[in-house]
Amino acid sequence: MKLKVTEAMRKSMAETEARLDEAMKDPSFRAEVDAIKAQYAAMDIVETVLRSAKRKIDAFRKNYHRDFVVTVSIDDELYRPAEFSSRELAFA
């Protein structure tokens with residue numbers, strides 16, 4: 001299904017972009033946006049590392065019959081760090 005972009009949608013997107021450009025002039029807002037972008041980039045790296053270790057995680061569970069939890073926190077101020085059990089990682 002292809003979405004048809006109407007003139008009203010184009011106008012709304014342009015207005016939103018203009019408001020965002022204006023907000024980005026504020027150094028504190030820009031710092032907050034940069035911090036959030038950094039958190040997402042770090043979580044992407046963590047996900048890549050964990051996915052590359054999938055075979056080792058599976059082997060650990062099969063050989064030692066133990067489960068474990070991986071907890072990742074990029075910033076101490078985050079509400080809840082990301083947690084994954086070895087079972088969740090095995091099916092990732």
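Which residue forms a salt bridge with Arg10? I looked this up before anything else.

**Entry 1, ground rules.** The model is predicted, so I note that local features need pLDDT of at least 70 and side-chain atom pairs count only at pLDDT 80 or more, while totals for chains, interfaces and linings use all residues. Residues are numbered from 1 along each chain as its sequence is written, and side-chain values use heavy atoms, with hydrogens and water left out.

The partner is Glu7, with the closest N and O atoms 3.8 Å apart. I use salt bridge for a side-chain nitrogen of Lys or Arg within 4 Å of a carboxyl oxygen of Asp or Glu. Arg10 and Glu7 are three residues apart in helix α1, so about one helical turn separates them. Arg10 is partly exposed at 44% relative accessible area, and Glu7 is exposed at 59%. The classes are buried under 20%, exposed over 50% and partly exposed in between, with a 1.4 Å probe and protein chains only.

I find two salt bridges in the structure. Lys25 and Glu22 also form one, at 3.3 Å from N to O. Lys25 is exposed, with 59% relative accessible area.

**Entry 4, the chain.** I read four helices and two strands, in the order α-α-α-β-β-α. Helices (H or I, at least four residues) and strands (E, at least two) are DSSP runs, numbered from the N terminus. Of the 92 residues, 13% are buried.

Mean pLDDT (the predictor's confidence in each residue, from 0 to 100) is 80 for the protein chain. Where pLDDT is low, the predicted coordinates should not be read in detail.
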